[in-house]
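Student: Can you walk me through this one? I have the sequence and the coordinates open.

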Amino acid sequence: MNLQRLLVVIDAEHQQQPALQRAVDIARQVGAELHLLKVEYHPSLETGLLDNRLLNRARDAILQQSCEDLRASVAHLSDEGFKIQVDVRWAKRRHEEILARVAVLQPDILFKSTHPSSALRRLLLSDTSWQLIRRCPVPLWLVHDAELRGQRLCAALDPLHSADKPAALDHQLIRTAQALQAALGLYAEYLHAHAPLPHSLLFDAEVAQAYDDYVKRCSREHREAFDKLIAQYAIDRADAHLLDGFAEEVIPRFVHEHNISLVVMGAIARGHLDSLLIGHTAERVLERIECDLLVIKPEGKG
């Protein structure tokens, strides 16, 4: 994983910028260049009460002032020697403007701060973080707090691809975790959570009688697949964890118990209809964990 070109989304609606702080900390360690993107939008200027000429003047004034304010707020970083580019755009659909900038700049990582949002709000208002998880083609680092809570990361793996992910994605996650460990000094751990079909969902009497055998066979298959995957890398067995339970429950608990500062997960997009639904594992994990989340897409796919 490269860490030379970092794109940071500056949140126009919040004073604090955890994503910027995280990107700055990383750039300071590895000498990366920073590209800051702020997307402005004010619905009051879309009411139709102004003609196009006055509307454009108002937008230009807002963008110019916002750009000047942003440059002033990071001037100390330029003085410190950071390579920084600032870009302020106007767009109603922020995620589309962000993705357009990603397509042009091709950053190594996109950083964005996260803020609590209900499932209903995501469904009705198309939350930017949710859209980026679905559609961002480059690694997406969602920052929870300005300060890292520890120096440990956890890569969430799926060796049997029960989430319908391509096999190569697990190898991307491991390589990413190892690269971050080497570049940033984050201690890497590896986790696979699995859960058999609940007994309460088995209505066929014959199937229910064989449930214990099914659970044992399921556990054995996951253990063998996980061991085979881990054995291909120089990973200490003590750092590889196979846990029972659903990922959206196990991962947040593991994060809390092991003082994890970053979870590395894979995500795939399954089509237009899927973008309208809630329930994606990465999204459910994001709502529950109290640390950063790095979302990785399969190579060559957005």
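**Cysteines, sheet and helices**

Tutor: Start with Cys136, which is buried at a relative accessible area of 1%. Keep in mind that this is a predicted model.

Student: And Cys154, buried or exposed?

Tutor: Cys154 counts as buried, with 1% relative accessibility.

Student: How many disulfides does the count come to?

Tutor: The count is 0 disulfides.

Student: Ok, the whole chain now. How many helices and strands are there?

Tutor: The chain has 11 helices and 10 strands. Of its 302 residues, 48% are buried. Among contacts with a separation of 6 or more, 79% are between residues 24 or more positions apart.

Student: In what order do the strands sit in the sheet?

Tutor: The order is β3-β2-β1-β4-β5-β10-β9-β6-β7-β8, in an open sheet of 10 strands with mixed pairing. β3 (84-90) and β8 stand at the edges with a single partner strand each, so one side of each has no neighbour in the sheet. From one strand to the next, the twist averages 20°.

Student: What holds the pairing, in general?

Tutor: Backbone hydrogen bonds, and the strands that pair this way can be parallel or antiparallel.

Student: Which sense do β5 and β10 take?

Tutor: Strand β5 (residues 140-143) and strand β10 (residues 292-296) run antiparallel, joined by 3 bridges. Trp141 has Leu294 in β10 as its bridge partner.

Student: And β7, what does it pair with?

Tutor: On one side, β7 pairs with strand β6 (residues 152-156) in the parallel sense over 5 bridges. Another 5 bridges join β7 to strand β8 (residues 240-244), again running parallel. Within these pairings, Leu153 stands opposite Ala188 in β7, and Ala193 stands opposite Leu243 in β8.

Student: How many residues of β7 are buried?

Tutor: 7 of the 8 residues in strand β7 (residues 187-194) are buried, so to speak mostly covered.

Student: Which strands does helix α9 lie across?

Tutor: Helix α9 (residues 211-230) lies across β7 and β8, at about 155° to β7. Elsewhere, helix α4 (residues 94-105) lies across β1 (5-10), β2 (33-40), β3 and β4 (109-113), running at about 150° to β2.

Student: Switching to helix on helix. At what angle do α6 and α11 cross?

Tutor: At roughly 140°, with the axes of helix α6 (residues 128-135) and helix α11 (residues 281-288) coming within 10 Å. That makes α6 oblique to α11, because an angle has to be over 145 degrees to count as roughly antiparallel. The crossing is right-handed.

Student: Which residues make the contact?

Tutor: Trp130, Ile133 and Arg134 on the α6 side, and Ala282, Glu283 and Leu286 on the α11 side.

Student: What about Val285, where is its place?

Tutor: Val285 is in helix α11. Its relative accessible area is 0%, so Val285 is buried.

Student: Which residues does Val285 touch?

Tutor: Leaving out residues up to four places away in sequence, Val285 touches Ala247, Glu248, Ile251 and Met265. Met265 is 20 residues from Val285 in sequence, and their C-alpha atoms are 9.5 Å apart.

Notes
Residues numbered from 1 in each chain as written. Predicted model: local features only at pLDDT ≥ 70, side-chain atom pairs only at ≥ 80, totals over all residues. Heavy atoms only, no water. Buried < 20%, exposed > 50% of the residue type's maximum accessible area, 1.4 Å probe, protein only. Helix = DSSP H or I, 4+ residues; strand = E, 2+ residues; numbered from the N terminus. Pairing = 2+ DSSP bridges. Disulfide = S-S within 2.5 Å. Axes fitted to C-alpha atoms, helices over the stretch in contact; angles between N-to-C directions. Parallel < 35°, antiparallel > 145°, perpendicular 65-115°, else oblique. Left-handed = near helix turned anticlockwise from the far one by under 90°. Contact = heavy atoms within 4.5 Å.
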